Amino acid sequence: MKLAILSRNGKLYSTRRLVEAARERGHSVRVLDPLRCYLRISSDGFDMRYKGKPLAGYAAVVPRIGASVTRYGCAVLRQFELMGCYSPNSAAAIARARDKLRCHQVLAAEGIGLPVTVFGDNPDDTGDLLAMLGPAPHVIKLNEGTQGAGVMLTEKPSASRAAIETLRGLYANFLVQEFIAEAKGADLRCFVVGDRVVAAMRRQAPKGDFRSNLHRGGSAKKVRPTRAEAETAVRAARILGLGVAGVDLIRSTRGPLVLEVNSSPGLEGIETVTGVDVAGAVIEHVAAQGASTQRKRNADLTDS
């Protein structure tokens, strides 16, 4: 099968592992920088070129679109979709997951457990906004931050107000959430592929921090999620329309709570910690679904 991987850097661990896994399974695979793809859109069809040459014949594409190129990357991915190419994560699903506020609204509407979250724009409403949330500590997050960047913990209401005023002065979009003390600085990363969790790890924040991201110095160990945790992770990914996702959960007294759903989860940490061939699971899922999509297209063409 002819596969494409949308990635700005073919040397990144996750991209390299996907290429290796695809070739080990006999697929033809190419890494494409989404910023070098350019599109022709017309009522008579959709075309795309890459460095002066046509892009065609790909059965499936695996998007590894970074947050800094979300808009353009999603436009390229959408073009692939319109040209009949399967993707485990659609452009629309990636956009939903990237916007933390929208993601939380969509998940909450479906009954997924989440930390209580508040959002507001006017400085005159800050006091009442925090009253809606409850007593400090509070967690303040940039709406499109990644890998723990743009996340802060405020211990007192005065600190929360000061942080909110500062972010508003920078015209930043942010959320404020309750702090789940019983999690003790730990979370679970569940790697979802299709309808199952293929690997999971428990991440622990370093001393003096509450962010458990490995990029922030956190530690990790392999875990087996509970049935409720696995079901929550799979259901959250499905609700957002993601066939491949990293779902971050925390354990609370009211059950598993979803912190974030990552549409382009890294492979290095979870493969190293768990020893699971996650890249292989992704490629096998993409190949199977890509083949199914091709068969359906061929059948539709025959019927027409």
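This briefing covers selected local features of one structure, grouped by topic. The model is predicted. It holds one aromatic pair, formed by tyrosine 58 and phenylalanine 80. There is a cis peptide bond from alanine 136 to proline 137. A UniProt "binding site" annotation, from an unreviewed entry, covers Glu260 and Asn262.

**Aromatic pair and the charge over its tyrosine**

- The rings of tyrosine 58 and phenylalanine 80 are arranged edge-to-face, with 6.3 Å from centre to centre and 85 degrees between the planes.
- Tyrosine 58 is in the loop between strand 5 (53-54) and strand 6 (60-63), while phenylalanine 80 belongs to helix 2 (residues 70-82); the pair therefore ties together parts that are 22 residues apart in sequence.
- Both tyrosine 58 and phenylalanine 80 are buried.
- Lysine 2 also takes part here: its charged end sits over the ring of tyrosine 58, at 4.5 Å from the ring centre.

**Backbone geometry**

- The peptide bond leading from alanine 136 into proline 137 has omega near 5 degrees, and is cis.
- Proline 137 is located in the loop between helix 5 (126-133) and strand 8 (138-142).
- Lysine 51 is a residue other than glycine with a positive phi, near 50 degrees.
- The loop between strand 4 (45-50) and strand 5 contains lysine 51.
- Lysine 51 has a relative accessibility of 49%; since exposed means over 50%, lysine 51 counts as partly exposed.
- Tyrosine 171 is likewise a residue other than glycine with a positive phi, in this case near 55 degrees.
- Tyrosine 171 is found in the loop between helix 6 (157-169) and strand 10 (174-178).
- With a relative accessibility of 77%, tyrosine 171 counts as exposed, because the cut-off is over 50%.

**Serine 252**

- Strand 14 (residues 244-252) includes serine 252.
- The relative accessible area of serine 252 is 13%, so this residue is buried, the limit being under 20%.
- Leaving aside residues up to four places away in sequence, serine 252 touches Ile180, Glu182 and Leu257.

**Annotated positions**

- According to the unreviewed UniProt entry, the "binding site" annotation covers Glu260 and Asn262.
- From this set, Glu260 is part of the lining of the second largest cavity.
- Glutamate 260 lies in strand 15 (residues 255-262), and asparagine 262 is in strand 15 as well.
- Glutamate 260 has a relative accessibility of 24% and counts as partly exposed, because this value falls between the limits of 20% and 50%.
- Asparagine 262, at 21% relative accessibility, also counts as partly exposed.
- Asparagine 262 has contacts with Arg189, Val244, Ala245 and Gly246, not counting residues up to four places away in sequence.

Methods:
Residues numbered from 1 in each chain as written. Predicted model: local features only at pLDDT ≥ 70, side-chain atom pairs only at ≥ 80, totals over all residues. Heavy atoms only, no water. Helix = DSSP H or I, 4+ residues; strand = E, 2+ residues; numbered from the N terminus. Buried < 20%, exposed > 50% of the residue type's maximum accessible area, 1.4 Å probe, protein only. Contact = heavy atoms within 4.5 Å. Phe/Tyr/Trp six-rings, centres within 6.5 Å; stacked < 30°, edge-to-face > 60°. Lys NZ or Arg CZ within 6 Å of the ring centre and 35° of its normal. UniProt positions renumbered as here; feature names shortened; annotations may be inferred. 1 Å grid on protein atoms, 1.4 Å probe; cavity = no way out; pocket = protein on both sides within 12 Å on 5 of 7 lines; lining within 4 Å.
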